[in-house]
Amino acid sequence: MARKVFVIAGHGGIDSGAIGNDYIERDLAIELKDLVIKELKLLGISALPDSNMNGLSQTLSWLRGKFGSKDILFDIHWNAAAAATAKGSEVIIPDVSSQFEKELAKDLLKVLVDLGFKDRGVKPEALTARKKLGWMRPVAENVLIEVCFITNATDMKLYQANKHTIAKKLALVLSTYSKKP
Ligand SMILES: [Zn+2]
């Protein structure tokens, strides 16, 4: 049986996430989540959408009981920094990660790097600013993408010009991995 795929916007409702260059992280994440879900549907995979009104803790309770240990939980975020020059993409996985998570994270990151985003690597959660991420706790295949920096104008321009391609390619990677034994 194929692995289920959950595509989640990292912020929702009153939780706006980061803000930069006149963008709100919540809105970017919801838009990309919807684009990825649409592309997955074209590939024959239905990913349950959440309500767009949820912060992390509500999303985690909403997910409870819906996934198994082999299912893919894909959380979408944008990075932010005080320095407007900080740029690029990264994918976060748990400190103790499975081979599946490592490979999936690498292939998701490659989608963005191939389009010209700076490669910031696949990182364990310990190397993130917050050190521990709630998203990494469910017992599943967990990946969190930091698409690029909302605070970097060049990143945002590159993202806006390529978002449909990005959604299509991310969906293709998720689809391939959902079929892995
Ligand atoms: Zn975020």
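Buried means under 20% relative accessible area, exposed means over 50%, and partly exposed lies in between (1.4 Å probe, protein chains only). By that scale K110 is partly exposed, with a relative accessible area of 46%.

This is a predicted model, where local features need pLDDT of at least 70, side-chain atom pairs count only at pLDDT 80 or more, and totals for chains, interfaces and linings use all residues. Residues are numbered from 1 along each chain as its sequence is written, and side-chain values use heavy atoms, with hydrogens and water left out.

**The sheet**

Helices (H or I, at least four residues) and strands (E, at least two) are DSSP runs, numbered from the N terminus. Two strands pair if DSSP finds at least two bridges between them. Five strands make an open sheet in the order β1-β4-β7-β5-β6, and the pairing is mixed. β1 (5–9) and β6 stand at the edges with a single partner strand each, so one side of each has no neighbour in the sheet. On average, neighbouring strands are turned by 20° against each other, direction ignored. Axes here are lines fitted to C-alpha atoms, for helices over the stretch in contact, and angles run from 0 to 180 degrees between N-to-C directions. Contact means heavy atoms within 4.5 Å. Helix α1 (residues 25–42) lies across β1, β4 (72–79) and β7, and runs at about 155° to β1.

**Strand β5**

How many residues of strand β5 (residues 89–93) are buried? The count is 5 of the 5, so β5 is largely enclosed by the rest of the structure. S89, V91 and I93 point one way, while E90 and I92 point the other way.

In general, strands of a sheet pair through backbone hydrogen bonds, either parallel or antiparallel. β5 takes part in both kinds of pairing. With strand β6 (residues 119–124) it runs parallel, joined by 4 bridges. Within that pair, V91 has V122 as its bridge partner, and I93 has P124. With strand β7 (residues 141–149) β5 pairs in the antiparallel sense over 3 bridges. There, E90 has E146 as its bridge partner.

β5, helix α3 (residues 99–114) and β6 make a right-handed β-α-β unit. A crossover is right-handed if, with the strands pointing away from the viewer, the path from the first strand over the helix to the second runs clockwise.

E101 is found in helix α3. Lys and Arg count as positive and Asp and Glu as negative; His and the chain ends are not counted. E101 is buried yet has no salt bridge, and K102, the nearest side chain of opposite charge, is 7.2 Å away. Leaving out residues up to four places away in sequence, E101 touches I93, P94, V96, A140, E141, N142 and V143.

**Salt bridges**

A salt bridge is a side-chain nitrogen of Lys or Arg within 4 Å of a carboxyl oxygen of Asp or Glu. The whole structure has 9 of them.

| Pair | N to O distance |
|---|---|
| D27 and R26 | 2.9 Å |
| K110 and D114 | 2.8 Å |
| E125 and R137 | 2.6 Å |

In the D27 pair, D27 is partly exposed at 38% relative accessible area, whereas R26 is buried at 18%. K110 and D114 both lie in helix α3, 4 residues apart, about one turn of the helix.

The side chains of E125 and R137 meet at 2.6 Å. Both E125 and R137 sit in the loop between β6 and β7, 12 residues apart. E125 counts as buried, at 1% relative accessibility. R137 is partly exposed, with a relative accessible area of 44%. Elsewhere, salt bridges with shared partners join E90, R120 and K123 into one network.

K180 lies in the segment after α4 (153–178). K180 is partly exposed, with a relative accessible area of 31%. Which residues does K180 contact, leaving aside neighbours within four places in sequence? They are R3, F100 and E103. K180 and I30 are 150 residues apart in sequence and 27 Å apart in space, C-alpha to C-alpha.
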